[in-house]
Amino acid sequence: MREKRKDGSGSQFKWFQIELLVVFAAIIMIVTFFLDYVILDRSGRAMQQNASNLIAANSRQIELNINSYLERMQTIPTLLFSDGTYYLYDATDDTQEAYDMVKKEESILNRIVDIGLMENYSDFGIIYSNDHSVGWISHDTMDLFPEGGFYEAFSKYATDPKTNDGWCFGIGGNVDRLYYIKRLNPNAILISATYTRELASVFIHSEQLEDMEIRLVDQEDVVLYSSEEDEIGKTLPEYIRSGLQKNSDPAGRRVDRSFVSEDYILNSNECENGWQVVCSVPLESILRENTDLRQFVFRISIIMALVFVLVGVLLIRKLSRPVDTMVSSLHEKAEMDRLSGVLNKTAFQEEVESRLKEKGSADLSVFVIMDMDNFKLVNDRLGHAHGDQVIIRAAEFLRKNYDSGTLIGRIGGDEFALYSECPVSVENASESARTEAAERAREIVLGTIRERTDRLMTAFNKEFRQEREKCEVSVSAGIYITPVELSVSEELTEEFDTIYKKADYALYVSKREGKARYTIYEEETGKEGAHD
């Protein structure tokens, strides 16, 4: 009966269409064209809004990457404050014995070398007010001051009254480096510099926004980094500057938000040091698909005058499918690291935070940070393409060696993190029984972690034998496991930042102890000794 009613209704509707075509052909075409225009216009606005949201999310991610990058660059030099010998020494003090000065500078140099190896610095050293330097200062930087004045030129950039530091760019017309300045004492400043091209690793955007232009600018609108290399060191293009002026609050300060200019979708995000990430995409690029679709639909509209309802339904489906598909695809890609295929840093952190909130109080958390030693040599000796393949293989290697319950994320260039939980059955047990069960479980987990990590490092050396032989590539790890007092407590919980910092410190110990080893963090002593 249902099918018959359909057939009958279809027949009647067919005759109704024919009647309409004969009597109201002109009216139908006008209405159809109008409806087409309305639908396409709404589709265009939806595409524009979705693109704007994606650009904002991408810009925010880049801002977080930049903040993380700058924070790392600022944190590492603070290690020089661990001993007064390093930051109190004054090379301009003529009252010191020559032998003492040599020994102190030798000690400072050794410390600088140790710290400087933690990042890909082009310059890392201390400059004194008499232009004497300790550390490694590149010839390119020194050549900027053939007649002296090195200290005077850089010291004025340590302007932050709280931290006595600052950033500078374009010194002497050199746009290849970003300089970080940290004052150590009234007559000494530390200078560390990285190549601006290193920022390419944090300026990653979705394939859906292939036409997006990304820029990092300072407070004077000078471009520090850009996806268009010829813009570096120049002033921000006028059409972007005028758009940013419109994106200001009543006091004239720029605010973080997306907005649409006459021809572009723009988004600006301010970094912690005052620099801005500016993303722009031409509206023409965003609406290209919609423009092509508009021409197609208007041609179809002539046919719609004959098959009015049928084509209308198909048209709506055709218009809604690309938008839904794009949103779904972008959501999935936003969580994954584009190169390695594992979770990106933001998605990994959010998932770990979610698990920390949901896990039982007696469950043990295991957080591991792994970093490939001497990875830079792979890029330098074998090329960046080979380096990318090593990252891809490393991610696949980790997926193969850990079960599906372990979260795997890429949190840096060659740095991966893993998180898993080990349940402890202590339901309805007394406090002493809970503690005893947690201690036994933790001992078992510690043994398992050591055994698994030993096997993993052996397997890593075998898997990456070629890179090990040519570039001395190995893997170092820092491991954090929930302490017993947290495991048995029903009130205390762990935070992502806390377990991350502890695992990261353990990784630092592994690096310091000679690399190619792992360290398990222990609360009582701050760390456990590194294991080869």
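Is valine 378 buried or exposed, and what is its relative accessible area? In this predicted model, where local features need pLDDT of at least 70, side-chain atom pairs count only at pLDDT 80 or more, and totals for chains, interfaces and linings use all residues, valine 378 turns out to be buried, with a relative accessible area of 0%. (Buried means under 20% relative accessible area, exposed over 50%, and partly exposed in between, with a 1.4 Å probe and protein chains only.) Residues are numbered from 1 along each chain as its sequence is written, and side-chain values use heavy atoms, with hydrogens and water left out.

Valine 378 sits in helix α11 (residues 375-382); helices (H or I, at least four residues) and strands (E, at least two) are DSSP runs, numbered from the N terminus. Its contacts (heavy atoms within 4.5 Å) are Gly383, His386, Gly387, Val390, Cys471 and Val473, leaving aside residues up to four places away in sequence. Glutamate 472 is 94 residues from valine 378 in sequence, yet the C-alpha to C-alpha distance is 8.9 Å.

Strand β11 (residues 364-373) comes next. Since 10 of its 10 residues are buried, β11 is largely enclosed by the rest of the structure. Leu364, Val366, Val368, Met370 and Met372 point one way from the strand, while Ser365, Phe367, Ile369, Asp371 and Asp373 point the other way. β11 pairs with two strands (pairing takes at least two bridges found by DSSP). With β13 (residues 415-422) the sense is antiparallel, over 8 bridges, and valine 368 faces leucine 418 there. With β14 (residues 474-481) there are again 8 bridges, also antiparallel, and here valine 366 stands opposite isoleucine 481.

As for nonpolar cores (buried Ala, Val, Leu, Ile, Met, Phe, Trp, Tyr and Cys residues joined through side-chain atoms within 4.5 Å), the largest holds 47 residues, and Ile66, Ile126, Leu199, Phe203 and Leu216 touch the most other members. Helix α1 (residues 2-75) supplies the largest share of this core, 8 residues. Leucine 199 touches Ile66, Tyr69, Leu178, Leu216 and Tyr225, again not counting residues up to four places away in sequence. A second, separate core has 34 residues, among them Leu364, Ala395, Phe397 and Ile520.

Not every leucine is tucked away: leucine 117 is exposed, at 64% relative accessible area. This residue is in the loop between α3 (98-116) and β1 (123-128).
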